[in-house]
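Open the structure in your viewer and keep the selection tool at hand.

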Amino acid sequence: MLNFNFPIIALAPLAGYTDLPFRKVVKKYDADWTISEMINANALKYKNEKTLKMIQKNENEIPYSVQIAANNAEVAKAAIEVLNEYDFIDGIDLNVGCPVKKAIKSGYGGNLLNEPDNLSEIISTIAKNHNKKFFSVKMRIGFDEINGVDRAKLIEDSGAEILTVHGRTVRQMYGGETNYEEIKKIKSALKIPVLANGDITSYEKAKWVMEYTNVDGVMIGRGAIGHPWIFKEIKLQRSIRKEEKKDVIIEHFKAMIEWYGEYGVVLFRKHLHTYSKGYQGASEFRTKVNSITSSQEMYKLIKEFF
């Protein structure tokens with residue numbers, strides 16, 4: 001088990017956003033723990049080239065986990081055997097909360113909350129077969145109805161060493177409010193460290209959540225999009241300067257070009273849409289951004305706008 005310093009302020013996996021360039025930036029700006037985008041265990045099993053690129057990390061990402069999605073123990077074991085070959089990976093994280101239809105229909109993610117025996121077998125298989133420093137699970141508080149404490153205890157008993165709890169059911173998707181009361185109950189029922197996840201969008205909210213639930217830290221996903229400096233703000237308990245935000249945006253852009261080449265310009269558009277929120281002339285800026293394909297032109301526009 002890795003010796004974490006608590007509380008942990010971690011970056012949650014978020015498909016299409018928490019890629020290597022983004023994680024590089026949040027790690028520099030005080031995220032304690034980073035995790036890859038969710039990776040299908042089947043793709044890992046067959047060593048898909050694109051998948052193997054997704055598990056790569058920055059040298060500053062310590063500790064770093066790869067999150068997998070598996071719907072049975074056999075596939076989970078095969079994926080773990082592949083990940084065991086990579087010494088740069090510090091931890092394994094199992095997704096037990098993804099609410100998207102594709103995941104549910106395929107039997108992984110949040111669907112595992114409906115299959116406690118299968119869930120337990122997958123977790124115990126990973127626990128017995130991985131060679132990493134720690135093994136964590138990220139869950140929701142139920143599928144249709146709330147049964148978070150029951151499932152959390154099963155996850156702990158099956159071999160997980162850290163648990164992150166998103167305070168919504170699978171059916172809620174991202175609607176409604178995060179149920180911090182259930183997270184609080186889960187924390188008090190478990191012996192392993194518990195992190196809270198859901199609607200943490202400011203340093204004030206992070207402080208309140210940790211105090212109210214008594215958790216061992218927070219994991220932030222959507223709250224970090226367009227706001228990757230939130231980790232530093234939580235540590236400082238204040239907002240960072242506008243000039244520093246500009247530096248982060250430029251650094252993120254450069255990391256995207258370095259990793260993806262010129263195609264990084266296209267991929268960075270969605271980030272600029274969120275970075276520009278609240279700025280005067282943001283709508284006109286986004287229109288310009290959507291037509292730019294040159295990294296030099298994009299860089300010039302970013303410097304001028306922010």
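What follows is a list of selections in a predicted model, with what to look for at each.

**Stop 1: the salt bridges as a set**

How many salt bridges does a search of the whole structure find? The search returns 15.

**Stop 2: E258 and K24**

Select E258 and K24. Their side chains form a salt bridge, with N to O at 3.8 Å. That falls inside the cut-off of 4 Å. Now show the helices around them. E258 sits in helix α11, residues 242-260. K24 sits in helix α1, residues 20-28. E258 is exposed, at 64% relative accessible area. K24 is partly exposed, at 29%.

**Stop 3: R168 and D199**

Move to R168 and D199. Here the side chains meet in a salt bridge of 2.7 Å, again N to O. Both ends are in loops. R168 belongs to the loop between β7 (162-166) and α8 (180-189). D199 belongs to the loop between β8 (194-197) and α9 (203-213). The pair therefore ties together parts that are 31 residues apart in sequence.

Is R168 buried or exposed? R168 is buried, because its relative accessible area is 2% and buried means under 20%.

**Stop 4: K232 and E244**

Select K232 and E244. The closest N and O atoms of this salt bridge are 2.6 Å apart. K232 is in helix α10, residues 230-236, and E244 is in helix α11, so the bridge ties together parts twelve residues apart in sequence. Check accessibility once more. K232 has a relative accessible area of 22% and counts as partly exposed. E244 is buried, at 14%.

**Stop 5: a network**

Select K57, D90 and K133 together. Salt bridges link these residues in a network.

**Stop 6: the largest pocket**

The pocket volume is about 490 Å³.

Colour the strands now. Which elements supply at least two residues each to this lining? They are β6 (134-140) and β9 (217-220). β6 gives the most, with three residues.

Then colour the lining by class. It holds 13 nonpolar, nine polar and four charged residues.

**Stop 7: the second largest pocket**

Where is the next pocket? Its volume is about 330 Å³. To find it, select M38, I39, N40, M54 and K102, which are the closest to its centre among the 13 residues of its lining. Two elements give two or more residues to that lining: β3 (39-40) and α3 (49-54). The largest share comes from α3, with three residues.

The lining of the second largest pocket divides into six nonpolar, four polar and three charged residues.

Definitions and conventions:
Residues numbered from 1 in each chain as written. Predicted model: local features only at pLDDT ≥ 70, side-chain atom pairs only at ≥ 80, totals over all residues. Heavy atoms only, no water. Helix = DSSP H or I, 4+ residues; strand = E, 2+ residues; numbered from the N terminus. Buried < 20%, exposed > 50% of the residue type's maximum accessible area, 1.4 Å probe, protein only. 1 Å grid on protein atoms, 1.4 Å probe; cavity = no way out; pocket = protein on both sides within 12 Å on 5 of 7 lines; lining within 4 Å. Points joined across faces, edges and corners; volume = space filled by probe spheres on them. Nonpolar A, V, L, I, M, F, W, Y, C, P; charged D, E, K, R; others polar.
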